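Subject: Structure for you to look at

Hello,

Here is the structure I said I would pass on. Please open it next to this message and follow the residues as you read.

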Amino acid sequence: METATHQGPPTAGFADHRAVVVAVDHHPWPYFTVTLEVPFANGEQKFANCTPGQFVMTLAEFGLEPYLRRAFSVFDIRTDANTTQIEIFGKVIGLGTEGLARLEPGKEVPLLGPLGQGFTRSASPTVKPSALIAGGIGSAALLLWARALLEQGEAFDFYYGGYAACDLALSERFEELARASGGELICATESGHRGHHGYITEPLEQALAQGRYGALYTCGPEGLMAKVAALGSQYQVPGQAALETEMGCGYGACLGCAVAHQDGRFRLCCKDGPVFALDEVVW
Ligand SMILES: Cc1cc2nc3c(=O)[nH]c(=O)nc-3n(C[C@H](O)[C@H](O)[C@H](O)COP(=O)(O)OP(=O)(O)OC[C@H]3O[C@@H](n4cnc5c(N)ncnc54)[C@H](O)[C@@H]3O)c2cc1C
Ligand code: FES
């Protein structure tokens, strides 16, 4: 195992690692988690400054298809004396994600990161609780942020929506954090098999109408994030969204991930984001 400094454009703070698969856990299809171990390089923990909402680019194997690495939020991170373990929470939708779900412990994979700009506090911590709103696999971007809020003594409710019950794959982990913060887990499925029957933004809107939240943090399908942004604007609650724009390189070289902003300019999702303020994106 070795860690090499990335040879691409001069973007500070990330490196191209060779990580080793420690575990692959299969949740109800199509969800899985992969735990990757990254050794310290010269005694330095390369993910020490990784912030909630940042991401990595990885691939099960170099080849022609898929050719490019795929982007994944750093779902969880653990450090011991000599290594860092990065957990990725994935959903199989094509060859890249299928390859990761099929990985076996011991396999070495390329891991570029940590990349991008993560979540920052949108409102004063003491005023009102926050709402974290995840659509299915979007929950992958929110676990570390939920833990950070908890550690800072800030209460939050976790809104978890999906089409079916399987889309709320890791709800126990979010429920535990929300409860420890003094909040709760609120679920919704379009199929009606778990929680509110309908969209997760419906119970969110009821709570916003009662003035419950001071900040909104979201990740999920674009339609969900656009609705959260509209609700934030309507009820004058600030917030942030972690965008999942398709990416080529992940560090600002290919210009393939431009996101239109309200000021008429474009920002790169990989370098300036993936986390943006709800009211600065053109939804
Ligand atoms: C910053 C960031 C963080 C992400 N975090 C996670 C995560 O934690 N877990 C996870 O499972 N996924 C995450 N994604 C999405 C993940 O990168 C894509 O699902 C993955 O690239 C798909 O690769 P694939 O080869 O399996 O599918 P492909 O064959 O590349 O794509 C299958 C289909 O999905 C579409 N597609 C591919 N990528 C995206 C995308 N980003 N948004 C919408 N449609 C897409 C393609 O156009 C195609 O139609 C993240 C994306 C970004 C940009
Ligand atoms: S993914 Fe290449 S510039 Fe953003």
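Start at Gln-236, which is found in the loop between helix H5 (222-235) and strand S14 (239-242); helices (H or I, at least four residues) and strands (E, at least two) are DSSP runs, numbered from the N terminus. This is a predicted model, in which local features need pLDDT of at least 70 and side-chain atom pairs count only at pLDDT 80 or more, while totals for chains, interfaces and linings use all residues. Residues are numbered from 1 along each chain as its sequence is written, and chains are lettered from A and ligands numbered from 1 in the order in which they are written.

Backbone points

Phi of Gln-236 is near 55°, a positive value in a residue other than glycine. Gln-236 is exposed, with 8 other C-beta atoms within 10 Å. A residue is called buried if 20 or more other C-beta atoms lie within 10 Å of its own, exposed if 12 or fewer, and partly exposed in between, with C-beta atoms placed from the backbone.

Leu-255 also is not a glycine and has a positive phi, of about 60°. Leu-255 lies in the loop between S14 and strand S15 (258-260), and counts as exposed with 12 C-beta neighbours inside 10 Å. For background, most residues other than glycine have a negative phi, and most peptide bonds are trans.

There are cis peptide bonds to look at as well. The bond from Trp-29 to Pro-30 is cis, with omega near 10°, and Pro-30 lies in the loop between strand S2 (15-26) and strand S3 (31-39). Another cis bond joins Glu-65 and Pro-66, with omega about -5°. Pro-66 is in the loop between S4 and S5.

Domains

The domain assignment gives domain 1 (3-115) and domain 2 (130-280); such bounds come from an automatic or database domain assignment. Their C-alpha centres lie 22 Å apart. How many residues of domain 1 are in contact with domain 2? There are 23, and they meet 22 residues of domain 2. Contact here means that the C-beta atoms of two residues, placed from the backbone, lie within 7 Å. On the side of domain 1 that touches domain 2, at least two residues come from each of strand S4 (55-58), S5, strand S6 (76-79), S7 and strand S8 (108-115). By class, that side has 15 nonpolar, 5 polar and 3 charged residues. Ala, Val, Leu, Ile, Met, Phe, Trp, Tyr, Cys and Pro count as nonpolar, Asp, Glu, Lys and Arg as charged, and the others, Gly among them, as polar.

Core

The largest nonpolar core has 80 residues, and those with the most contacts inside it are Leu-132, Ala-146, Tyr-159 and Ala-241. Domain 1 and domain 2 both give residues to this core, so it lies between them. A nonpolar core is a set of buried Ala, Val, Leu, Ile, Met, Phe, Trp, Tyr and Cys residues joined through C-beta atoms within 7 Å.

Leaving aside neighbours within four places in sequence, Ala-146 is in contact with Leu-132, Phe-156, Phe-158, Phe-174 and Leu-177. Ala-241 is in strand S14 and counts as buried, with 31 C-beta neighbours inside 10 Å.

Helix H4

Which residues of helix H4 (residues 201-209) are buried? They are Thr-201, Leu-204 and Leu-208. Seen down the axis of H4, these fall within an arc of 55°, so they line one face of the helix; the arc is that of the directions from the helix axis to the C-beta atoms. They pack against strand S9 (130-135), strand S10 (156-162) and H5. On the other side of H4, Gln-206 and Ala-209 are exposed. Just after H4, Gly-211 takes a positive phi of about 75°.

Ligand 1

Of the 21 residues around ligand 1, Ala-71, Gly-94, Gly-96, Thr-97 and Ala-140 come nearest; a residue is near a molecule or strand if its C-beta atom, placed from the backbone, lies within 6 Å of it. Strand S5 (70-73), strand S7 (83-91) and helix H1 (95-101) each supply at least two residues of this shell, and the largest share, 4 residues, comes from S5. The shell divides into 11 nonpolar, 6 polar and 4 charged residues. At least three of its residues come from each of domain 1 and domain 2.

Regards
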